[in-house]
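Open the model in your viewer and keep the selection tool at hand. The tour goes from one selection to the next and says what is found at each stop.

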Amino acid sequence: MPQLQNNLKIGIASLGLIGGSIYKSLKEKGYKEIIAYTQNEETILQIKRDGHKASSDIYVLENCDLVFVCSPISKTIEMIKKICKINPTAIIADTASLKSNILEEIEKKTKCKFIGSHPMAGTEHSGFEHSDAELFKDSKWILTPSKFVNDTEVKLLENIILSIEAKPLIMEAKEHDTSVALVSHTPMLLSQSLILSIIDDNKTLKLASSGFRDTTRLAMSNKTMAKDMLIYNKKNIQKALKKIIETANKLLQSEYFDKNIDQIISKRKTMYNSEGKNNL
């Protein structure tokens, strides 16, 4: 594991589930200067009690070497621009679950040292109170660097991610957005759709057991995050839905089912470790 780079001043903008978990992960690993920007007064007091700096004034981030922007997708670009304006030398990494539109806008309108990033971890809960220092352990963390950063700056972020026991992986932004439509955004949409399809059917609701419970966990996802995903990645989600429906219709055919069910079960069994983290 890389050595902690305790000479760095690491900022975090917005401390909900993801921002709070980054903060707690860095704190647990011994980073000495963590600086938080949030409008939540209770969170500010908690971070100050921990011995770190926190403020509702964005200028608290003006001397940071690197800043994680953990705002909702719809507010991420605006937040990156604000931070870049007050601290043009900082490396800025977002955590949004979409990359293409953010990367294109930042490269078009700014010269920020921006690295798109997306930790592939989360829960159906939201808020600092649900954040967890172990959230990112053994999870993939996607990076989509902009043209304004060099290999050394990307490596610095990779080392921070490795130090909190996540696994950085560089991808093209458009490839990322296509992939998360299939493995993240569409599963959430299907969970919501399943609930809505029986919401007034009391007899069916009474029959829903563990299979329905597990399949619909993502229906409880943060409302703002869920809406942003569906708005900003709509085209990729529609393609993913088409692919899933086509596959499902094939599986309804006995011959196709018999031909594929063993590899479906085998792949699912080997995908995750005992803690539920992706093995691949």
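Start by selecting Glu105 and Lys81, which form a salt bridge with their closest N and O atoms 3.2 Å apart. Glu105 belongs to helix α4 and Lys81 to helix α3 (residues 73–86), so this pair ties together parts that are 24 residues apart in sequence. Keep in mind that this is a predicted model.

Now colour the two residues by accessibility. Glu105 has 18% relative accessibility and counts as buried, because the cut-off for buried is under 20%. Lys81, at 30%, counts as partly exposed.

Two others are worth a stop.

Select Lys99 and Asp94. Their salt bridge has its closest N and O atoms 3.0 Å apart. Buried or exposed, what is Lys99? Lys99 counts as buried, at 1% relative accessibility, and Asp94 counts as buried too, at 0%.

Next, select Lys113 and Glu153, whose side chains meet in a salt bridge at 3.0 Å, N to O. This pair links distant parts of the chain, with Lys113 in strand β6 (residues 113–119) and Glu153 in helix α5, 40 residues apart. Lys113 is partly exposed, with a relative accessible area of 26%, while Glu153 is buried at 13%.

Stay in helix α5 (residues 151–163) and move to Glu158. Glu158 is buried yet has no salt bridge. Where is the nearest side chain of opposite charge? That side chain belongs to Lys155, 4.2 Å away, whereas a salt bridge needs the nitrogen within 4 Å of the carboxyl oxygen. Show the contacts of Glu158 as well: leaving out residues up to four places away in sequence, Glu158 touches Leu143, Pro168 and Ile170.

The last stop is the second largest pocket, with a volume of about 180 Å³. To see its lining, select Leu98, Ser100, Asn101, Glu104, Lys174, Asp177, Thr178, Tyr232, Asn233, Lys234, Lys235 and Asn236. Which helices each supply at least two residues of this lining? They are α4 (100–109), α6 (173–198) and α10 (234–251).

Notes. Residues are numbered from 1 along each chain as its sequence is written. This is a predicted model: local features need pLDDT of at least 70, side-chain atom pairs count only at pLDDT 80 or more; totals for chains, interfaces and linings use all residues. Side-chain values use heavy atoms; hydrogens and water are left out. Helices (H or I, at least four residues) and strands (E, at least two) are DSSP runs, numbered from the N terminus. Buried means under 20% relative accessible area, exposed over 50%, partly exposed in between (1.4 Å probe, protein chains only). Lys and Arg count as positive and Asp and Glu as negative; His and the chain ends are not counted. Contact means heavy atoms within 4.5 Å. On a 1 Å grid over the protein atoms alone, a cavity is a set of points where a 1.4 Å probe fits but cannot get out, and a pocket is an open set with protein on both sides within 12 Å along at least five of seven lines; lining residues have an atom within 4 Å of a point. Grid points are joined across faces, edges and corners, and a volume is the space filled by probe spheres set on the points.
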